[in-house]
Amino acid sequence: MKKYLALIILVILNTNFAYAEVKIGFVEVQKILKNAPQTVAANKKLEKEFTKRTAKLKKAVKKIKDKESAFRKNSMTMSDDERSKKQKEIQALKIDAQRTEREVREDIDLRRREEIAKVQAQVNVAVEKVAKEQGYDLVLYQGVAYAGKKVDITNTVIKALGKIK
């Protein structure tokens with residue numbers, strides 16, 4: 001009888017461990033990346049970094065439009081050779097502007113990815129910090145069909161990011 005009682009107590013104790021509460025949290029990475037102070041700073045940095053190049057590109061586009069306008073206005077009075085020369089000149093300017101635009105866009109995209117990678121690393125640090133401080137056993141980033149407000153720690157992580165420099 002004592003053996004059975006000891007076995008029952010042992011089974012009850014083991015089931016309590018199996019049903020231990022697991023604290024789960026969820027974060028919306030896109031919301032964090034959109035609202036994190038580091039993202040705002042990175043965007044300002046990129047804007048400042050590429051201001052000169054985009055201004056130069058806009059100036060080139062305006063120059064092309066002005067030349068096209070002047071060409072349309074004066075093309076009737078030009079000789080065939082002069083008209084052909086001006087058309088080729090405008091076409092060359094357009095090709096150069098398109099190439100420059102593509103290069104600037106590619107450089108901006110590359111730098112943006114670099115800055116986002118830095119922010120994502122900081123997000124990971126902040127998530128881990130919040131999880132440890134608040135006793136979370138598991139924090140999910142994506143692939144969740146529904147997460148209630150009780151488990152959503154996105155705003156807490158954004159606040160923690162505000163403290164990271």
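Please note that the model is predicted: local features need pLDDT of at least 70, side-chain atom pairs count only at pLDDT 80 or more, and totals for chains, interfaces and linings use all residues. Residues are numbered from 1 along each chain as its sequence is written, and side-chain values use heavy atoms, without hydrogens or water.

I begin with the helix pair. The axes of α3 and α4 come within 10 Å and cross at roughly 175 degrees; axes are lines fitted to C-alpha atoms over the stretch in contact, with angles from 0 to 180 degrees between N-to-C directions. The two helices are therefore roughly antiparallel, a term for angles over 145 degrees. Their contact has twelve nonpolar, six polar and 16 charged residues.

Both helices, α3 (37-74) and α4 (80-134), each supply at least two residues of the lining of the largest pocket. A pocket is an open set of points on a 1 Å grid where a 1.4 Å probe fits, with protein on both sides within 12 Å along at least five of seven lines, and lining residues have an atom within 4 Å of a point. The volume here is about 200 Å³. Helix α3 gives the largest share of the lining, six residues. Among the lining residues are Arg-53, Lys-56, Asp-96 and Thr-100. The lining divides into six nonpolar, one polar and four charged residues.

The second largest pocket holds about 170 Å³ of space. Phe-26, Lys-31, Tyr-146 and Asp-152 are among the residues that line it. Helix α5 (residues 154-163) gives the most to this lining, with three residues. By class, the lining has six nonpolar, three polar and three charged residues.

Finally, the rings. What does a search of the whole structure find in the way of aromatic pairs? The search finds zero such pairs, where pairing requires ring centres within 6.5 Å. Lys-23, however, lies over the face of Tyr-136, at 4.6 Å from the ring centre; the criterion is NZ of Lys within 6 Å of the ring centre and within 35 degrees of the ring normal.

Note on methods:
Points joined across faces, edges and corners; volume = space filled by probe spheres on them. Helix = DSSP H or I, 4+ residues; strand = E, 2+ residues; numbered from the N terminus. Nonpolar A, V, L, I, M, F, W, Y, C, P; charged D, E, K, R; others polar. Phe/Tyr/Trp six-rings, centres within 6.5 Å; stacked < 30°, edge-to-face > 60°. Parallel < 35°, antiparallel > 145°, perpendicular 65-115°, else oblique.
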